[in-house]
Amino acid sequence: MATVRLDVKTEEALKRLTLQRGQTKSEVIRDAIARLAEEKGEQVSAYHRLQPFIGVADSGGQQLSERTGEKLRELLEEKRHARRSG
């Protein structure tokens, strides 16, 4: 964990960026450092480039990746019953 001291002007710019981008201060700073490193030709891994986006998707609590086999079987059975009934 690191501490960064910013002047007032930079702190205000950082606050504006967090609101515009919908990111935390840390995320904005990490993104800026990664971009500067890229400009300097430093190798940045794909993971580090995608890190701000990892884990941002939410299923709304539906736990979509659980019991997928059972859910598929139930769906197919419902369709089969619908065809027989209709």
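**Helix packing and pockets in a predicted model**

Helix 2 and helix 3 (46-50) each contribute at least two residues to the lining of the largest pocket. Helices here are DSSP runs of H or I with at least four residues, strands are runs of E with at least two, and both are numbered from the N terminus. The structure is a predicted model, in which local features need pLDDT of at least 70, side-chain atom pairs count only at pLDDT 80 or more, and totals for chains, interfaces and linings use all residues. Residues are numbered from 1 along each chain as its sequence is written, and side-chain values use heavy atoms, with hydrogens and water left out.

The mean pLDDT (the predictor's confidence in each residue, from 0 to 100) of the protein chain is 84, and 92% of the residues score at least 70. Confidence is highest in helix 1, at 95, and lowest in helix 3, at a mean of 77. Where pLDDT is low, predicted coordinates should not be read in detail.

Helix 1 (residues 8-21) packs against helix 2 (residues 25-39) at an angle of about 100 degrees, and their axes are 9 Å apart. This makes the two helices roughly perpendicular. Axes are lines fitted to C-alpha atoms, for helices over the stretch in contact, and angles run from 0 to 180 degrees between N-to-C directions. Angles of 65 to 115 degrees count as roughly perpendicular, those under 35 as roughly parallel, those over 145 as roughly antiparallel and the rest as oblique. In contact (heavy atoms within 4.5 Å) are E11, L14, K15, L17, T18 and R21 of helix 1 with K25, V28, I29, D31 and R35 of helix 2. By class, this contact has four nonpolar, one polar and six charged residues. Ala, Val, Leu, Ile, Met, Phe, Trp, Tyr, Cys and Pro count as nonpolar, Asp, Glu, Lys and Arg as charged, and the others, Gly among them, as polar.

The largest pocket holds about 390 Å³ of space. A pocket is an open set of points on a 1 Å grid over the protein atoms alone, where a 1.4 Å probe fits, with protein on both sides within 12 Å along at least five of seven lines; lining residues have an atom within 4 Å of a point. Of its 16 lining residues, R30, D31, A34, H48 and P52 lie nearest the centre. Helix 2 gives the most to this lining, with eight residues.

The second largest pocket holds about 220 Å³. Its lining includes M1, A2, E11, L14 and R30.

Notes:
Grid points are joined across faces, edges and corners, and a volume is the space filled by probe spheres set on the points.
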